[in-house]
Amino acid sequence: MEDTFGEDDYFGEDEHIPAHEVLQTLEDAWLNEKFCPDLLPSQDSYVEAMMEQIQQMEDNLTKLKKTDFRVEVHHMELARIRYIITSYLRTRIEKIEQNTAFILEQETTRSPENPHLSEGELNYAREFLALQENHQKQLVLKHVPPPFQDFMSTQQSLVPNLRSHIFLRAKKDVNGVVIEGDRDTRDEEVDLEENSQHIMQYKPIANLIHDGSVQLI
Amino acid sequence: MDPSEVEFIAEKELVSIVPNFTNSEVHLISGDVGPFRAGLPVNVPIWMALNLRQRQKCRIIAPDWLDVEKLEALKEEEKSNRFFTKMPSEHYMVVAQLLLSAVDDDIPRVEEIRMAVKDLWDVRISKLRSSVDTFIKTGGSHARLDYLTTMEINSVRPLLPHALDFIDRLQKASEGASRRDMASQD
Amino acid sequence: MSLCQSYVPNYFSIQDILATQEKVPCKFEMQVKHLGFLDPGSDKRDIEIGTSIELPLWMASVLNSQRPSIAEVGLPKIFKEAYRDIMKADPCVVDLHKLAQYFYEFGMCLCMLKHRESSEISSVLVESFKQRFRQILDWAQHSTIEVPESKKLDETEKMIYHMGREVGSSLYLWLTEGGSLITAADMVIQHKKMKLTQKDLLH
(Lines give C-alpha, C1' and ligand atoms only; values in the text may rest on other atoms or scores of the structure.)
Protein backbone atom coordinates (compact mmCIF):
# COMPACT_ATOMS: atom_id res chain seq x y z
CA MET A 1 0.00 0.00 0.00
CA GLU A 2 1.32 3.36 -0.96
CA ASP A 3 2.23 5.46 2.05
CA THR A 4 0.78 8.87 1.42
CA PHE A 5 0.68 10.10 5.00
CA GLY A 6 2.75 13.13 5.69
CA GLU A 7 2.85 14.08 2.07
CA ASP A 8 0.24 16.75 2.67
CA ASP A 9 1.94 20.03 3.16
CA TYR A 10 0.52 22.58 5.46
CA PHE A 11 -1.24 25.46 3.79
CA GLY A 12 -0.80 28.32 6.22
CA GLU A 13 -3.02 31.20 5.20
CA ASP A 14 -1.69 32.15 1.78
CA GLU A 15 1.63 30.47 2.26
CA HIS A 16 2.63 26.98 1.50
CA ILE A 17 4.98 25.87 4.24
CA PRO A 18 6.14 22.26 4.25
CA ALA A 19 5.35 20.34 7.43
CA HIS A 20 8.98 19.66 8.24
CA GLU A 21 9.72 23.38 8.20
CA VAL A 22 6.85 24.06 10.56
CA LEU A 23 8.30 21.42 12.84
CA GLN A 24 11.79 22.90 12.67
CA THR A 25 10.43 26.36 13.47
CA LEU A 26 8.65 24.93 16.50
CA GLU A 27 11.75 23.11 17.70
CA ASP A 28 13.84 26.27 17.43
CA ALA A 29 11.10 28.28 19.16
CA TRP A 30 10.95 25.67 21.95
CA LEU A 31 14.67 25.96 22.69
CA ASN A 32 14.69 29.74 22.42
CA GLU A 33 11.78 29.98 24.83
CA LYS A 34 13.38 27.56 27.26
CA PHE A 35 16.57 29.54 27.60
CA CYS A 36 15.32 33.08 27.18
CA PRO A 37 14.63 35.12 30.32
CA ASP A 38 12.00 37.14 28.48
CA LEU A 39 8.76 35.97 26.87
CA LEU A 40 9.23 35.69 23.10
CA PRO A 41 6.54 36.28 20.46
CA SER A 42 4.09 33.41 20.38
CA GLN A 43 4.31 30.93 17.53
CA ASP A 44 0.70 29.90 18.00
CA SER A 45 -0.07 29.79 14.27
CA TYR A 46 2.66 27.18 13.87
CA VAL A 47 1.43 25.35 16.96
CA GLU A 48 -2.10 25.21 15.59
CA ALA A 49 -0.88 24.10 12.19
CA MET A 50 1.14 21.31 13.71
CA MET A 51 -1.74 20.21 15.96
CA GLU A 52 -3.91 19.95 12.85
CA GLN A 53 -1.23 17.94 11.13
CA ILE A 54 -1.00 15.62 14.12
CA GLN A 55 -4.77 15.15 14.18
CA GLN A 56 -4.79 14.36 10.48
CA MET A 57 -1.99 11.83 10.90
CA GLU A 58 -3.76 10.14 13.78
CA ASP A 59 -6.95 9.86 11.78
CA ASN A 60 -5.02 8.36 8.87
CA LEU A 61 -3.26 5.91 11.13
CA THR A 62 -6.53 4.39 12.34
CA LYS A 63 -7.07 3.23 8.77
CA LEU A 64 -3.91 1.15 8.79
CA LYS A 65 -3.65 -2.38 10.12
CA LYS A 66 -2.37 -2.43 13.69
CA THR A 67 0.50 -4.73 12.73
CA ASP A 68 1.83 -2.40 10.06
CA PHE A 69 5.30 -1.41 11.26
CA ARG A 70 4.71 2.18 10.21
CA VAL A 71 1.98 2.64 12.80
CA GLU A 72 4.34 2.46 15.75
CA VAL A 73 6.92 4.64 14.03
CA HIS A 74 4.41 7.34 13.20
CA HIS A 75 2.98 7.24 16.72
CA MET A 76 6.45 7.67 18.15
CA GLU A 77 7.08 10.70 15.99
CA LEU A 78 3.75 12.21 16.97
CA ALA A 79 4.54 11.67 20.65
CA ARG A 80 7.86 13.46 20.13
CA ILE A 81 6.20 16.39 18.41
CA ARG A 82 3.53 16.61 21.09
CA TYR A 83 6.24 16.74 23.72
CA ILE A 84 7.95 19.68 22.05
CA ILE A 85 4.68 21.56 21.78
CA THR A 86 3.59 20.94 25.36
CA SER A 87 7.00 21.78 26.75
CA TYR A 88 6.99 24.98 24.70
CA LEU A 89 3.57 26.03 25.93
CA ARG A 90 4.36 25.06 29.51
CA THR A 91 7.54 27.15 29.53
CA ARG A 92 5.57 30.14 28.30
CA ILE A 93 2.88 29.69 30.93
CA GLU A 94 5.51 29.52 33.65
CA LYS A 95 6.96 32.81 32.51
CA ILE A 96 3.52 34.36 32.32
CA GLU A 97 2.75 33.20 35.85
CA GLN A 98 5.99 34.56 37.20
CA ASN A 99 5.92 38.01 35.63
CA THR A 100 2.22 38.47 34.96
CA ALA A 101 1.83 42.20 35.55
CA PHE A 102 4.99 43.07 33.65
CA ILE A 103 4.09 40.90 30.66
CA LEU A 104 0.57 42.29 30.44
CA GLU A 105 1.86 45.83 30.63
CA GLN A 106 4.41 45.17 27.89
CA GLU A 107 1.70 43.66 25.73
CA THR A 108 -0.38 46.83 25.90
CA THR A 109 2.56 48.81 24.52
CA ARG A 110 2.82 46.60 21.45
CA SER A 111 1.00 47.10 18.18
CA PRO A 112 -1.84 44.64 17.46
CA GLU A 113 0.15 43.16 14.55
CA ASN A 114 2.94 42.09 16.83
CA PRO A 115 1.48 40.37 19.86
CA HIS A 116 3.75 38.30 22.04
CA LEU A 117 0.89 36.45 23.70
CA SER A 118 -1.57 34.21 21.96
CA GLU A 119 -5.24 34.89 22.60
CA GLY A 120 -5.45 32.02 25.04
CA GLU A 121 -2.35 33.18 26.88
CA LEU A 122 -3.62 36.74 27.10
CA ASN A 123 -6.88 35.61 28.66
CA TYR A 124 -5.03 33.31 31.01
CA ALA A 125 -2.66 36.08 32.07
CA ARG A 126 -5.52 38.46 32.83
CA GLU A 127 -7.42 35.87 34.82
CA PHE A 128 -4.30 34.83 36.68
CA LEU A 129 -3.46 38.39 37.66
CA ALA A 130 -7.02 38.95 38.83
CA LEU A 131 -6.86 35.79 40.92
CA GLN A 132 -3.56 36.84 42.45
CA GLU A 133 -4.89 40.28 43.24
CA ASN A 134 -8.02 38.90 44.84
CA HIS A 135 -6.04 36.35 46.80
CA GLN A 136 -3.63 38.92 48.16
CA LYS A 137 -6.44 41.35 48.99
CA GLN A 138 -8.43 38.76 50.89
CA LEU A 139 -5.48 37.29 52.67
CA VAL A 140 -3.39 40.33 53.49
CA LEU A 141 -4.08 43.67 51.90
CA LYS A 142 -7.50 44.41 53.30
CA HIS A 143 -6.09 43.95 56.80
CA VAL A 144 -3.28 46.47 56.47
CA PRO A 145 -3.55 50.27 56.78
CA PRO A 146 -4.96 52.01 53.66
CA PRO A 147 -1.72 53.53 52.29
CA PHE A 148 -0.29 50.04 51.83
CA GLN A 149 -3.26 48.35 50.21
CA ASP A 150 -2.05 48.76 46.65
CA PHE A 151 -1.62 45.37 44.97
CA MET A 152 0.24 46.66 41.93
CA SER A 153 3.13 48.03 43.94
CA THR A 154 4.03 44.52 45.02
CA GLN A 155 3.88 43.28 41.46
CA GLN A 156 6.20 45.96 40.13
CA SER A 157 9.27 44.12 41.27
CA LEU A 158 8.71 40.87 39.39
CA VAL A 159 10.40 41.41 36.04
CA PRO A 160 12.61 39.16 33.95
CA ASN A 161 16.32 39.77 34.30
CA LEU A 162 17.40 40.80 30.81
CA ARG A 163 21.00 40.90 31.94
CA SER A 164 21.02 37.11 32.42
CA HIS A 165 23.62 35.16 30.57
CA ILE A 166 22.62 32.76 27.85
CA PHE A 167 24.32 30.33 25.49
CA LEU A 168 23.80 30.89 21.81
CA ARG A 169 24.82 29.72 18.35
CA ALA A 170 25.06 32.21 15.52
CA LYS A 171 23.06 31.03 12.54
CA LYS A 172 24.75 33.55 10.29
CA ASP A 173 27.53 36.11 10.51
CA VAL A 174 26.58 38.94 12.84
CA ASN A 175 28.77 41.97 13.24
CA GLY A 176 29.00 44.64 15.88
CA VAL A 177 27.37 43.16 18.97
CA VAL A 178 28.16 45.49 21.83
CA ILE A 179 29.15 43.83 25.10
CA GLU A 180 28.80 46.20 28.03
CA GLY A 181 31.98 46.78 29.97
CA ASP A 182 32.08 46.93 33.73
CA ARG A 183 33.83 49.22 36.18
CA ASP A 184 37.26 48.05 35.02
CA THR A 185 36.72 47.40 31.32
CA ARG A 186 35.35 49.33 28.41
CA ASP A 187 32.49 48.34 26.16
CA GLU A 188 33.58 45.76 23.61
CA GLU A 189 32.31 45.08 20.15
CA VAL A 190 32.27 41.47 18.94
CA ASP A 191 31.45 39.76 15.71
CA LEU A 192 29.65 36.45 15.76
CA GLU A 193 30.80 34.07 13.05
CA GLU A 194 28.29 31.73 11.52
CA ASN A 195 28.04 28.52 13.59
CA SER A 196 30.14 29.87 16.42
CA GLN A 197 28.88 29.31 19.96
CA HIS A 198 28.99 31.88 22.75
CA ILE A 199 27.95 32.73 26.24
CA MET A 200 26.94 36.32 26.86
CA GLN A 201 24.23 38.54 28.30
CA TYR A 202 20.80 38.31 26.76
CA LYS A 203 20.22 42.04 26.35
CA PRO A 204 22.63 42.79 23.48
CA ILE A 205 21.37 39.91 21.34
CA ALA A 206 17.66 40.06 22.12
CA ASN A 207 16.71 41.45 18.72
CA LEU A 208 18.86 38.86 16.97
CA ILE A 209 16.62 36.07 18.19
CA HIS A 210 13.61 37.73 16.61
CA ASP A 211 15.21 37.92 13.19
CA GLY A 212 16.60 34.40 13.37
CA SER A 213 20.29 35.33 13.40
CA VAL A 214 20.97 33.46 16.61
CA GLN A 215 19.60 30.37 18.29
CA LEU A 216 19.68 29.89 22.06
CA ILE A 217 21.21 26.55 23.07
CA MET B 1 17.92 21.23 30.70
CA ASP B 2 17.55 17.68 31.88
CA PRO B 3 19.99 15.17 30.31
CA SER B 4 17.01 13.23 29.01
CA GLU B 5 15.99 16.31 27.04
CA VAL B 6 19.44 16.60 25.52
CA GLU B 7 19.07 12.93 24.64
CA PHE B 8 15.69 13.70 23.08
CA ILE B 9 17.31 16.28 20.81
CA ALA B 10 20.26 14.04 19.99
CA GLU B 11 17.96 11.19 18.95
CA LYS B 12 17.15 13.07 15.78
CA GLU B 13 20.61 12.32 14.43
CA LEU B 14 20.77 9.79 11.67
CA VAL B 15 22.35 6.39 12.04
CA SER B 16 22.79 3.60 9.55
CA ILE B 17 20.73 0.43 10.00
CA VAL B 18 20.30 -2.79 8.06
CA PRO B 19 16.62 -3.77 8.11
CA ASN B 20 15.45 -7.36 7.86
CA PHE B 21 12.24 -6.34 6.12
CA THR B 22 11.24 -4.55 2.98
CA ASN B 23 8.97 -1.54 2.87
CA SER B 24 8.49 1.58 0.82
CA GLU B 25 9.39 5.06 2.05
CA VAL B 26 7.85 6.27 5.28
CA HIS B 27 6.72 9.88 5.14
CA LEU B 28 7.33 11.24 8.58
CA ILE B 29 6.41 14.82 9.37
CA SER B 30 10.11 15.51 9.91
CA GLY B 31 11.00 14.10 6.51
CA ASP B 32 11.07 10.94 4.48
CA VAL B 33 12.89 7.78 5.56
CA GLY B 34 13.59 4.72 3.52
CA PRO B 35 12.78 2.91 1.32
CA PHE B 36 13.67 -0.22 3.31
CA ARG B 37 15.16 -3.23 1.53
CA ALA B 38 16.07 -6.24 3.62
CA GLY B 39 19.85 -6.50 3.87
CA LEU B 40 20.63 -3.04 2.52
CA PRO B 41 21.77 -0.20 4.79
CA VAL B 42 19.55 2.83 5.16
CA ASN B 43 19.76 5.97 7.31
CA VAL B 44 17.12 6.61 9.95
CA PRO B 45 16.90 8.82 13.04
CA ILE B 46 18.31 7.18 16.17
CA TRP B 47 14.95 7.15 17.98
CA MET B 48 13.56 5.07 15.15
CA ALA B 49 16.62 2.85 14.91
CA LEU B 50 16.39 2.01 18.61
CA ASN B 51 12.72 1.16 18.30
CA LEU B 52 13.27 -1.07 15.27
CA ARG B 53 16.21 -2.78 16.94
CA GLN B 54 14.14 -3.46 20.03
CA ARG B 55 11.49 -5.04 17.83
CA GLN B 56 14.27 -7.04 16.18
CA LYS B 57 13.58 -5.57 12.79
CA CYS B 58 17.10 -4.37 12.08
CA ARG B 59 20.78 -4.36 12.95
CA ILE B 60 22.48 -1.07 13.83
CA ILE B 61 25.76 -0.13 12.17
CA ALA B 62 28.04 1.89 14.45
CA PRO B 63 29.13 5.23 12.99
CA ASP B 64 32.77 4.95 11.97
CA TRP B 65 33.99 7.30 14.69
CA LEU B 66 32.70 4.90 17.34
CA ASP B 67 35.94 2.96 17.20
CA VAL B 68 38.59 2.49 19.90
CA GLU B 69 41.60 3.73 17.92
CA LYS B 70 39.79 6.72 16.47
CA LEU B 71 38.47 7.73 19.89
CA GLU B 72 41.88 7.45 21.47
CA ALA B 73 43.35 9.60 18.73
CA LEU B 74 40.67 12.18 19.39
CA LYS B 75 41.49 12.08 23.08
CA GLU B 76 45.17 12.73 22.38
CA GLU B 77 44.29 15.60 20.08
CA GLU B 78 42.04 17.03 22.75
CA LYS B 79 44.79 16.83 25.36
CA SER B 80 47.30 18.65 23.19
CA ASN B 81 44.89 21.29 21.90
CA ARG B 82 44.48 24.47 23.89
CA PHE B 83 40.98 24.91 22.57
CA PHE B 84 38.22 22.38 22.10
CA THR B 85 38.43 20.05 19.12
CA LYS B 86 35.57 19.50 16.78
CA MET B 87 33.82 16.25 17.59
CA PRO B 88 32.67 13.83 14.88
CA SER B 89 29.17 14.31 16.16
CA GLU B 90 27.42 17.21 17.83
CA HIS B 91 26.06 14.64 20.28
CA TYR B 92 28.89 12.13 20.49
CA MET B 93 28.29 11.26 24.13
CA VAL B 94 24.56 10.70 23.76
CA VAL B 95 24.93 8.72 20.55
CA ALA B 96 27.58 6.54 22.21
CA GLN B 97 25.43 5.96 25.32
CA LEU B 98 22.32 5.13 23.31
CA LEU B 99 23.90 2.91 20.72
CA LEU B 100 26.30 1.07 22.99
CA SER B 101 23.64 0.10 25.50
CA ALA B 102 21.15 -1.03 22.86
CA VAL B 103 23.35 -3.08 20.61
CA ASP B 104 25.94 -5.18 22.41
CA ASP B 105 26.06 -7.90 19.81
CA ASP B 106 25.97 -5.64 16.76
CA ILE B 107 29.10 -3.75 17.73
CA PRO B 108 32.34 -5.52 18.64
CA ARG B 109 34.54 -4.43 21.58
CA VAL B 110 31.66 -2.55 23.19
CA GLU B 111 33.27 -2.21 26.61
CA GLU B 112 36.51 -0.84 25.18
CA ILE B 113 34.63 1.66 23.09
CA ARG B 114 32.59 2.71 26.10
CA MET B 115 35.80 3.32 28.08
CA ALA B 116 37.37 5.25 25.20
CA VAL B 117 34.33 7.53 24.89
CA LYS B 118 34.27 8.09 28.64
CA ASP B 119 37.98 8.97 28.65
CA LEU B 120 37.46 11.48 25.87
CA TRP B 121 34.49 12.95 27.71
CA ASP B 122 36.46 13.22 30.95
CA VAL B 123 39.31 15.06 29.24
CA ARG B 124 36.94 17.55 27.68
CA ILE B 125 34.86 18.06 30.81
CA SER B 126 37.95 18.64 32.91
CA LYS B 127 39.19 21.16 30.34
CA LEU B 128 35.78 22.82 30.41
CA ARG B 129 35.84 23.14 34.17
CA SER B 130 39.29 24.78 34.14
CA SER B 131 38.21 27.11 31.36
CA VAL B 132 35.13 28.08 33.31
CA ASP B 133 37.20 28.81 36.38
CA THR B 134 39.69 30.91 34.39
CA PHE B 135 36.88 32.72 32.65
CA ILE B 136 35.22 33.65 35.94
CA LYS B 137 38.48 34.73 37.53
CA THR B 138 39.63 36.92 34.66
CA GLY B 139 36.25 38.64 34.50
CA GLY B 140 34.42 39.57 31.35
CA SER B 141 30.96 38.47 30.49
CA HIS B 142 31.45 36.97 27.03
CA ALA B 143 33.25 33.85 25.85
CA ARG B 144 33.39 31.77 22.72
CA LEU B 145 32.63 28.07 23.08
CA ASP B 146 33.04 26.59 19.64
CA TYR B 147 32.98 22.80 19.33
CA LEU B 148 31.49 22.19 22.75
CA THR B 149 28.63 19.73 22.47
CA THR B 150 25.18 20.26 23.92
CA MET B 151 25.61 17.77 26.74
CA GLU B 152 28.89 19.39 27.75
CA ILE B 153 27.40 22.88 27.74
CA ASN B 154 24.51 21.52 29.72
CA SER B 155 26.90 20.25 32.40
CA VAL B 156 27.79 23.81 33.36
CA ARG B 157 24.26 25.07 33.22
CA PRO B 158 22.95 26.83 35.20
CA LEU B 159 26.06 27.07 37.34
CA LEU B 160 28.05 29.19 34.91
CA PRO B 161 25.30 31.57 33.76
CA HIS B 162 24.13 32.06 37.33
CA ALA B 163 27.64 32.81 38.54
CA LEU B 164 28.07 35.35 35.73
CA ASP B 165 24.69 36.90 36.53
CA PHE B 166 25.69 37.15 40.17
CA ILE B 167 29.04 38.78 39.40
CA ASP B 168 27.21 41.20 37.13
CA ARG B 169 24.91 42.12 40.03
CA LEU B 170 27.85 42.51 42.42
CA GLN B 171 29.59 44.82 39.99
CA LYS B 172 26.49 46.85 39.25
CA ALA B 173 26.02 47.47 42.95
CA SER B 174 29.47 48.98 43.05
CA GLU B 175 29.04 51.14 39.99
CA GLY B 176 26.69 53.44 41.81
CA ALA B 177 29.34 53.75 44.50
CA SER B 178 32.27 54.41 42.12
CA ARG B 179 30.47 57.18 40.37
CA ARG B 180 29.88 58.81 43.72
CA ASP B 181 33.52 58.32 44.76
CA MET B 182 34.70 59.96 41.57
CA ALA B 183 32.36 62.88 42.05
CA SER B 184 33.52 63.44 45.64
CA GLN B 185 37.13 63.75 44.51
CA ASP B 186 36.44 67.04 42.75
CA MET C 1 11.37 21.27 34.00
CA SER C 2 10.98 24.64 35.54
CA LEU C 3 12.50 27.92 34.63
CA CYS C 4 16.04 28.31 35.76
CA GLN C 5 16.38 32.00 36.38
CA SER C 6 19.22 33.20 38.54
CA TYR C 7 18.26 34.78 41.84
CA VAL C 8 17.42 38.47 41.79
CA PRO C 9 16.06 40.11 44.93
CA ASN C 10 12.41 40.94 44.61
CA TYR C 11 9.54 41.99 46.80
CA PHE C 12 8.64 38.45 47.81
CA SER C 13 12.14 37.08 48.21
CA ILE C 14 12.73 35.68 51.68
CA GLN C 15 16.48 35.87 51.07
CA ASP C 16 16.21 39.58 50.51
CA ILE C 17 14.04 40.08 53.60
CA LEU C 18 16.58 38.26 55.75
CA ALA C 19 19.58 39.95 54.19
CA THR C 20 18.15 43.40 54.82
CA GLN C 21 17.42 42.40 58.39
CA GLU C 22 21.14 42.36 59.17
CA LYS C 23 22.19 45.13 61.55
CA VAL C 24 24.38 48.14 60.93
CA PRO C 25 25.61 50.78 63.38
CA CYS C 26 23.69 54.08 62.95
CA LYS C 27 24.92 57.33 64.39
CA PHE C 28 22.06 59.75 64.87
CA GLU C 29 22.67 63.22 63.51
CA MET C 30 19.57 64.71 64.96
CA GLN C 31 17.35 64.16 67.93
CA VAL C 32 14.48 61.78 67.41
CA LYS C 33 11.68 62.01 69.86
CA HIS C 34 9.90 59.04 71.44
CA LEU C 35 12.03 56.38 69.83
CA GLY C 36 14.39 55.93 72.75
CA PHE C 37 13.14 52.37 73.14
CA LEU C 38 15.09 51.40 70.00
CA ASP C 39 18.27 51.71 72.02
CA PRO C 40 18.36 48.70 74.35
CA GLY C 41 21.00 50.33 76.52
CA SER C 42 19.10 53.53 77.14
CA ASP C 43 16.09 54.37 79.29
CA LYS C 44 15.54 57.78 77.78
CA ARG C 45 12.38 58.68 75.91
CA ASP C 46 14.22 60.27 73.00
CA ILE C 47 17.26 59.39 70.93
CA GLU C 48 19.87 62.08 71.44
CA ILE C 49 22.25 63.40 68.79
CA GLY C 50 25.41 61.34 68.56
CA THR C 51 23.83 58.12 69.86
CA SER C 52 24.93 55.02 68.01
CA ILE C 53 22.39 52.20 67.71
CA GLU C 54 22.50 48.91 65.80
CA LEU C 55 19.52 48.92 63.49
CA PRO C 56 18.43 46.60 60.66
CA LEU C 57 19.58 47.71 57.23
CA TRP C 58 16.06 48.32 55.91
CA MET C 59 15.48 50.89 58.64
CA ALA C 60 18.98 52.36 58.38
CA SER C 61 18.64 53.01 54.68
CA VAL C 62 15.42 54.95 55.20
CA LEU C 63 16.98 57.05 57.96
CA ASN C 64 20.02 57.68 55.78
CA SER C 65 18.10 58.63 52.66
CA GLN C 66 16.22 61.55 54.24
CA ARG C 67 17.57 65.00 53.45
CA PRO C 68 18.99 66.13 55.82
CA SER C 69 19.91 62.60 56.85
CA ILE C 70 18.69 61.46 60.23
CA ALA C 71 21.47 58.98 60.83
CA GLU C 72 24.83 58.17 59.35
CA VAL C 73 25.31 54.53 58.53
CA GLY C 74 28.56 53.00 59.71
CA LEU C 75 30.09 49.74 58.58
CA PRO C 76 29.36 46.49 60.36
CA LYS C 77 32.42 44.66 61.63
CA ILE C 78 32.62 42.23 58.75
CA PHE C 79 33.00 44.96 56.17
CA LYS C 80 35.57 46.98 58.04
CA GLU C 81 39.14 47.08 56.81
CA ALA C 82 40.46 44.36 59.11
CA TYR C 83 37.98 41.79 57.90
CA ARG C 84 38.25 42.95 54.32
CA ASP C 85 41.98 42.23 54.52
CA ILE C 86 41.25 38.74 55.81
CA MET C 87 38.98 38.12 52.85
CA LYS C 88 41.54 39.50 50.44
CA ALA C 89 44.29 37.29 51.84
CA ASP C 90 42.49 33.99 51.26
CA PRO C 91 38.80 34.14 50.52
CA CYS C 92 38.51 30.38 50.17
CA VAL C 93 39.13 29.49 53.79
CA VAL C 94 36.68 31.91 55.36
CA ASP C 95 33.57 30.39 56.89
CA LEU C 96 30.98 32.79 55.56
CA HIS C 97 28.14 30.93 57.13
CA LYS C 98 29.56 31.78 60.56
CA LEU C 99 30.86 35.23 59.71
CA ALA C 100 28.07 36.63 57.57
CA GLN C 101 25.33 34.39 56.23
CA TYR C 102 24.18 37.02 53.77
CA PHE C 103 27.63 38.37 53.00
CA TYR C 104 27.03 39.25 49.37
CA GLU C 105 23.43 40.44 49.50
CA PHE C 106 24.08 42.47 52.62
CA GLY C 107 27.27 43.85 51.11
CA MET C 108 25.46 44.89 47.94
CA CYS C 109 22.78 46.71 49.91
CA LEU C 110 25.49 48.56 51.82
CA CYS C 111 27.15 49.60 48.57
CA MET C 112 23.88 50.96 47.34
CA LEU C 113 23.76 53.19 50.43
CA LYS C 114 26.77 54.85 48.84
CA HIS C 115 28.96 54.62 51.86
CA ARG C 116 32.40 56.19 51.75
CA GLU C 117 34.05 52.79 51.51
CA SER C 118 31.57 51.25 49.05
CA SER C 119 34.00 50.64 46.26
CA GLU C 120 36.40 48.78 48.54
CA ILE C 121 33.51 46.69 49.80
CA SER C 122 32.35 45.84 46.32
CA SER C 123 35.88 44.86 45.27
CA VAL C 124 36.00 42.44 48.16
CA LEU C 125 32.62 41.02 47.23
CA VAL C 126 33.52 40.48 43.57
CA GLU C 127 37.01 39.11 44.20
CA SER C 128 35.90 36.80 46.99
CA PHE C 129 33.18 35.27 44.91
CA LYS C 130 35.43 34.81 41.90
CA GLN C 131 37.97 32.92 44.02
CA ARG C 132 35.45 30.86 45.93
CA PHE C 133 33.54 29.88 42.82
CA ARG C 134 36.07 27.19 41.88
CA GLN C 135 35.29 25.32 45.07
CA ILE C 136 31.56 25.56 44.45
CA LEU C 137 32.09 24.29 40.91
CA ASP C 138 34.12 21.32 42.06
CA TRP C 139 31.87 20.41 44.96
CA ALA C 140 28.75 20.62 42.81
CA GLN C 141 30.07 18.46 40.02
CA HIS C 142 32.19 15.94 41.81
CA SER C 143 30.01 14.52 44.50
CA THR C 144 26.72 12.78 44.58
CA ILE C 145 26.55 13.54 48.28
CA GLU C 146 26.59 16.89 49.98
CA VAL C 147 30.09 18.05 50.81
CA PRO C 148 30.42 19.06 54.50
CA GLU C 149 32.55 22.08 53.62
CA SER C 150 29.62 23.47 51.71
CA LYS C 151 28.16 24.46 55.04
CA LYS C 152 30.72 27.28 55.11
CA LEU C 153 29.11 28.97 52.15
CA ASP C 154 27.03 32.10 52.33
CA GLU C 155 23.36 31.79 51.45
CA THR C 156 23.64 32.94 47.84
CA GLU C 157 26.60 30.67 47.26
CA LYS C 158 24.54 27.85 48.73
CA MET C 159 21.75 28.47 46.24
CA ILE C 160 24.21 28.29 43.38
CA TYR C 161 25.85 25.21 44.87
CA HIS C 162 22.58 23.33 45.34
CA MET C 163 21.50 24.16 41.83
CA GLY C 164 24.82 22.89 40.53
CA ARG C 165 24.56 19.72 42.62
CA GLU C 166 21.14 18.90 41.28
CA VAL C 167 22.43 19.19 37.75
CA GLY C 168 25.57 17.28 38.61
CA SER C 169 23.54 14.42 40.09
CA SER C 170 21.19 14.11 37.17
CA LEU C 171 24.13 14.11 34.77
CA TYR C 172 25.89 11.48 36.87
CA LEU C 173 22.76 9.34 36.89
CA TRP C 174 22.41 9.71 33.17
CA LEU C 175 26.03 8.74 32.59
CA THR C 176 25.91 5.70 34.83
CA GLU C 177 22.40 4.41 34.44
CA GLY C 178 21.57 5.59 30.96
CA GLY C 179 19.13 8.16 32.16
CA SER C 180 15.39 8.24 32.59
CA LEU C 181 12.56 8.48 30.15
CA ILE C 182 10.58 11.64 29.76
CA THR C 183 7.30 10.62 31.31
CA ALA C 184 3.94 12.26 31.58
CA ALA C 185 3.28 14.06 34.84
CA ASP C 186 1.04 12.17 37.27
CA MET C 187 -1.52 14.94 37.00
CA VAL C 188 -1.79 14.44 33.25
CA ILE C 189 -2.24 10.69 33.63
CA GLN C 190 -4.96 11.23 36.24
CA HIS C 191 -6.65 13.79 34.02
CA LYS C 192 -6.67 11.36 31.10
CA LYS C 193 -8.09 8.62 33.29
CA MET C 194 -10.81 10.97 34.50
CA LYS C 195 -11.71 11.89 30.93
CA LEU C 196 -11.97 8.24 29.94
CA THR C 197 -14.18 7.47 32.95
CA GLN C 198 -16.41 10.42 32.13
CA LYS C 199 -16.78 9.18 28.56
CA ASP C 200 -17.83 5.78 29.89
CA LEU C 201 -20.37 7.36 32.21
CA LEU C 202 -22.01 9.16 29.31
CA HIS C 203 -22.78 5.93 27.46
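Start by selecting Ile199(A): opposite this residue stands Ala143(B), part of β6(B). The model is a predicted one.

Next, show the side chains of Arg144(B) and Glu193(A). They form a salt bridge, with 3.6 Å from N to O. Between chain B and chain A the count of salt bridges is six. For polar contacts, the count between the two chains is 20 residue pairs, with both residues at pLDDT 80 or more.

Now colour chain B by secondary structure and keep the side that touches chain A. Elements that each supply at least two residues to this side are α1 (3-10), β2 (26-28), α2 (46-54), β6 (143-144) and α7 (159-184). Select α7(B) in particular: this helix gives the most, with 10 residues. By residue class, the side of chain B that touches chain A holds 21 nonpolar, 14 charged and 11 polar residues.

Then select the whole contact, which takes 49 residues from chain A and 46 residues from chain B. Switch to a surface view for the area: the two chains bury about 4,200 Å² between them, and carbon and sulfur atoms account for 58% of it. To finish, pick Phe8(B), His27(B) and Ile29(B). Within chain B, these three lose the most area to chain A, together 19% of what that side buries.

Key:
Residues are numbered from 1 along each chain as its sequence is written. Chains are lettered from A and ligands numbered from 1 in the order in which they are written. This is a predicted model: local features need pLDDT of at least 70, side-chain atom pairs count only at pLDDT 80 or more; totals for chains, interfaces and linings use all residues. Side-chain values use heavy atoms; hydrogens and water are left out. Contact means heavy atoms within 4.5 Å. Buried area is the accessible area (1.4 Å probe) that two parts lose on being put together, summed over both. A salt bridge is a side-chain nitrogen of Lys or Arg within 4 Å of a carboxyl oxygen of Asp or Glu. A polar contact is a pair of N or O atoms within 3.5 Å; within protein, one must be able to donate a hydrogen and the other to accept it, and residues adjacent in sequence count only if both atoms are side-chain atoms. Helices (H or I, at least four residues) and strands (E, at least two) are DSSP runs, numbered from the N terminus. Ala, Val, Leu, Ile, Met, Phe, Trp, Tyr, Cys and Pro count as nonpolar, Asp, Glu, Lys and Arg as charged, and the others, Gly among them, as polar. Two strands pair if DSSP finds at least two bridges between them.
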